[in-house]
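Work through the exercises below with the sequence and the model side by side. Each task is followed by a stepwise solution.

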Amino acid sequence: MTKAICWKCGVFKTGSFIPCPNCNADPITEDERLISLFLTDHYHDEAALNALHVQIRSGGKKYQISGEHEKKLLFNQQPNNLCVF
Ligand SMILES: [Zn+2]
């Protein structure tokens, strides 16, 4: 099961593309989907994910994805790699 965090409020959820159980944020746009995909245990280990969780929870800032990561994610976004839900 994918461990993911909400890009808006930082709470943990169990899939990249499911609506957030806390703030109800639903990744619809390409940017939101990329960020959601990035904020999972596919791209971060447990410690890094926890750090991001704390960062987003405390900062209240919208998470921004770097251009380099975005390219990598777009490259990886093949059907076989999309293990969500
Ligand atoms: Zn949320």
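**Exercise 1: Confidence**

Residues are numbered from 1 along each chain as its sequence is written.

Task: find where the pLDDT is below 50.

Solution. Go to residues 81–85; the pLDDT there is below 50. Beyond near neighbours in sequence, this stretch has ten contacts in the model (C-beta atoms, placed from the backbone, within 7 Å). Where pLDDT is low, the predicted coordinates should not be read in detail.

**Exercise 2: Elements**

Task: state which order the elements take from the N terminus on.

Solution. Count three helices and two strands (DSSP runs: H or I, at least four residues; E, at least two). Then read the order: β-β-α-α-α.

**Exercise 3: Core**

Task: list which residues form the largest nonpolar core.

Solution. Start with the term: such a core is a set of buried Ala, Val, Leu, Ile, Met, Phe, Trp, Tyr and Cys residues joined through C-beta atoms within 7 Å. Buried requires 20 or more other C-beta atoms within 10 Å of the residue's own, these atoms being placed from the backbone. The ten residues are A4, I5, C6, W7, C20, I35, L37, F38, L39 and I56. Two elements give two or more residues each: β1 (4–5) and α1 (30–38). The most come from α1, with three.

Finally, take C6. Leaving out residues up to four places away in sequence, C6 touches V11, K13, C20, N22, C23 and A25.

Technical notes: Predicted model: local features only at pLDDT ≥ 70, side-chain atom pairs only at ≥ 80, totals over all residues. Buried ≥ 20, exposed ≤ 12 C-beta atoms within 10 Å, placed from the backbone. Contact = placed C-beta atoms within 7 Å. pLDDT = per-residue confidence, 0-100.
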